[in-house]
Amino acid sequence: TSHLLSFSHKVLTHPNTRCRGLARQFLKSRKTDREQLAYATSIGRCILTHNRVDFERLHIQSITGSEQHFGIIVIPQKSAYEVAQRVGILLSLLTNCEIENRLLYA
């Protein structure tokens with residue numbers, strides 16, 4: 001988390017003591033992948049995940065169902081520094097509009 005914050009990105013993770021109110025309650029509860037994506041969409045954020053298979057499926061379902069999301073970034077499990085570096089590069093190359101409704105791999 002601190003590595004992504006150092007790139008000046010807003011980050012919401014589990015657990016993250018910086019979260020307040022509903023965001024903190026949401027992250028502490030067990031939610032399905034669909035609920036996680038819906039929550040990220042409701043607060044205008046893309047979602048970063050290691051869960052490639054399930055989020056590829058959700059992306060396809062959202063496209064075929066004409067549902068919107070703010071982007072899904074899939075990244076392999078690496079060190080926190082490498083994740084932050086890969087995501088930072090991706091986010092520096094694309095605008096929010098270019099990420100919206102896309103499935104990206106970092």
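Analyst: A salt bridge is a side-chain nitrogen of Lys or Arg within 4 Å of a carboxyl oxygen of Asp or Glu. This is a predicted model: local features need pLDDT of at least 70, side-chain atom pairs count only at pLDDT 80 or more, and totals for chains, interfaces and linings use all residues. Residues are numbered from 1 along each chain as its sequence is written, and side-chain values use heavy atoms, leaving out hydrogens and water.

User: Why is the meeting of R52 and E56 called a salt bridge?

Analyst: Their side chains come to 2.9 Å, N to O. That falls inside the cut-off, so the pair qualifies. R52 and E56 sit 4 residues apart in helix α4, about one helical turn. Helices (H or I, at least four residues) and strands (E, at least two) are DSSP runs, numbered from the N terminus.

User: What makes D54 and R57 a salt bridge?

Analyst: Their closest N and O atoms are 3.7 Å apart. That also meets the definition, so the pair counts. The search of the whole structure finds 3 salt bridges. E82 and R86 form one of them, at 3.2 Å. Both lie in helix α5 (residues 80-93).

User: Why is R52 called partly exposed?

Analyst: Buried means under 20% relative accessible area, exposed over 50%, and partly exposed in between (1.4 Å probe, protein chains only). R52 has 42%, so it falls in between. R57, at 39%, is partly exposed too.

User: How do you know that the buried residues of α4 line one face?

Analyst: Those residues are F55, E56, L58, H59 and S62. Seen down the axis of α4, they fall within an arc of 165°, so they line one face. The arc is that of the directions from the helix axis to the C-beta atoms. The face turned away carries the exposed residues V53, I60 and T64.

User: What makes L37, F55 and L103 part of a nonpolar core?

Analyst: Such a core is a set of buried Ala, Val, Leu, Ile, Met, Phe, Trp, Tyr and Cys residues joined through side-chain atoms within 4.5 Å. The largest one has 8 residues, among them L37, F55 and L103. α3 (33-42), α4 (52-64) and β2 (72-74) each give two or more residues to this core. L103 is in contact (heavy atoms within 4.5 Å) with residues including F55, I72 and V74.

User: How many disulfides does the structure hold?

Analyst: It holds 0. C97 is exposed, at 66%, and C46 is partly exposed, at 30%.

Terms used:
Disulfide = S-S within 2.5 Å. Lists of a residue's contacts leave out its neighbours within four places in sequence.
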